[in-house]
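Reader: I'd like to learn how to read side-chain features in a model like this. Can you walk me through it?

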Amino acid sequence: MTETDPLDAAFAALANPTRRAILARLAKGEATVNTLAEPFDMSLPAISKHIRVLENAGLITRGRDAQFRPCTLNAEPLQAVAHWTDQYRHIWDARFDVMNQIIVGMKDAKDG
């Protein structure tokens, strides 16, 4: 993988539902590639490619435990994603406030 912005790499990795599911599993604790592959109907090499994308994005790390290389979630890139999205929270909040006012107005018109 070429050198990219860490935020770009994180978003690219998170764009795939299989990789998001792998991260959700790793949020519960470290796991081997075989354990991560169990719920998916795909080959071990395909799962390994997903893990490599996550590892290249810095979202997971791989350790050494005898012949096993357990995967562990690295939350730092996820914090960067959360920080980036938080800058837009005020926009969502304002839109939800407007939507709530419309719903209340519709309810008042119906009751009135």
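**Reading the aromatic pairs**

Author: Let's start with tryptophan 84, which is partly exposed because its relative accessible area is 34%; buried means under 20%, exposed over 50%, and partly exposed is in between (1.4 Å probe, protein chains only). Bear in mind that this is a predicted model, where local features need pLDDT of at least 70, side-chain atom pairs count only at pLDDT 80 or more, and totals for chains, interfaces and linings use all residues. Residues are numbered from 1 along each chain as its sequence is written, and side-chain values use heavy atoms, with hydrogens and water left out.

Reader: How many aromatic pairs does a search of the whole structure find?

Author: Rings of Phe, Tyr and Trp (its six-membered ring) pair if their centres lie within 6.5 Å; planes under 30 degrees apart are stacked, over 60 edge-to-face, and the rest tilted. Here the search turns up two pairs. Phenylalanine 11 and tryptophan 84 make an edge-to-face one, at 5.4 Å centre to centre with 75° between the planes. Phenylalanine 11 sits in helix H1 and tryptophan 84 in helix H5 (residues 76-86), so this pair ties together parts 73 residues apart in sequence. Helices are DSSP runs (H or I, at least four residues), numbered from the N terminus. Phe11, Trp84 and Tyr88 form one aromatic cluster.

Reader: Is leucine 14 buried or exposed?

Author: Leucine 14 counts as buried because its relative accessibility is 17%. This residue belongs to helix H1 (residues 6-14).

Reader: And what does leucine 14 touch?

Author: Contact means heavy atoms within 4.5 Å. Leaving aside residues up to four places away in sequence, leucine 14 touches Arg20, Leu23, Leu59, Leu78 and Val81.

Definitions and conventions
Helix = DSSP H or I, 4+ residues; strand = E, 2+ residues; numbered from the N terminus.
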